[in-house]
Amino acid sequence: MDSSASKNFELTAAVLHIIAMTLMLMDHLWATLLPAREWLTCAGRVAFPIFAFMAVEGYFHTRSFKKYILRMLLFAVLSEIPFDLMYGGTWFYPVHQNVLWTFLLGLLGVWLMEQVRKKGKTWMYTSWCAFWLCRQVLVLGTLCMVDYYGVGVLTVFVFYFLHGRKWWCFLGQLAALYWLNVELLGGLMYPVQLFGMEFELCQQGLALLALIPIWLYRGRQGYHSKPFQYLCYAFYPVHILLLVVVLNFINR
């Protein structure tokens, strides 16, 4: 396959963001306006791993980690009330925090591990410190009850530790996402018959399909501008707030 044909199957960062936002919207439509359309939340399972992957890509490509993390913090704060209204039906719902806090914890953990790696004197010392930091951040994610809890933070770590396009990175991502989504998160199971065999398909396991667009991405940014960048951030709180407003209008 020549290079021009190869590019036809390559997804840019901009396209990945659009795909993830569309799938997230479908999941939130199911959570608010269309609870009977279960296929929407099945499609929505694919969104989170793509966002986690793009968060790590942002870490590796940002010119200023401080600005990157402060920007995410700003939108995490702005998203909390719309998120609480959607999931708790109230302005303050402390038992579940929006997904931007998950990415914040994951990225802060990555940054801390990078600092340890730069200062580590021996491989053993660096590995032990990285393990300890991972554990602390995972516990914090669970205690703070961020979206996807510690498993969500660990998903960010997976794409950090297995960053690259080598075959073992792909295999590691596949195995890790299976363990996180099927073994740890689990959840609703669908009976499936295929070639005369019966087995069960885990709804959360559909998250592994996120690896298809992720693997078709080869580092190209694609379309980029400041308005588009902030649109991607603002889409999260704005679409949630609009769904809540429509839901409240319908329920009057």
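Biologist: What volume does the largest pocket have?

Modeller: In this predicted model, the space was found on a grid over the protein atoms alone. The largest pocket comes to a volume of about 920 Å³.

Biologist: Which helix gives the most to the lining of the largest pocket?

Modeller: The lining is made by 34 residues, and those nearest the centre of the largest pocket are His17, Gly58, Tyr68, Gln229 and Tyr233. By class, this lining has 19 nonpolar, 9 polar and 6 charged residues. At least two lining residues come from each of H2 (13-32), H4 (47-61), H5, H6 (99-119) and H11 (226-250). The helix that gives the most, with 7 residues, is H11.

Biologist: Which element supplies the largest share of the lining of the second largest pocket?

Modeller: The second largest pocket holds about 450 Å³ of space, and of its 23 lining residues the closest to the centre are Asp27, Arg45, Tyr87, Asp147 and Tyr148. Two or more residues of that lining come from each of H2, H3 (38-44), H4, H5 and H6. The largest share, 5 residues, comes from H2.

Biologist: Where in H5 does the kink lie?

Modeller: H5 is followed by Gly89, whose phi is positive, near 70 degrees. The kink, of about 35 degrees, comes shortly before the proline Pro82, at Glu80.

Conventions. Residues are numbered from 1 along each chain as its sequence is written. This is a predicted model: local features need pLDDT of at least 70, side-chain atom pairs count only at pLDDT 80 or more; totals for chains, interfaces and linings use all residues. Side-chain values use heavy atoms; hydrogens and water are left out. The bend at a residue is the angle between axes fitted to the seven residues ending there and the seven starting there. Helices (H or I, at least four residues) and strands (E, at least two) are DSSP runs, numbered from the N terminus. On a 1 Å grid over the protein atoms alone, a cavity is a set of points where a 1.4 Å probe fits but cannot get out, and a pocket is an open set with protein on both sides within 12 Å along at least five of seven lines; lining residues have an atom within 4 Å of a point. Grid points are joined across faces, edges and corners, and a volume is the space filled by probe spheres set on the points. Ala, Val, Leu, Ile, Met, Phe, Trp, Tyr, Cys and Pro count as nonpolar, Asp, Glu, Lys and Arg as charged, and the others, Gly among them, as polar.
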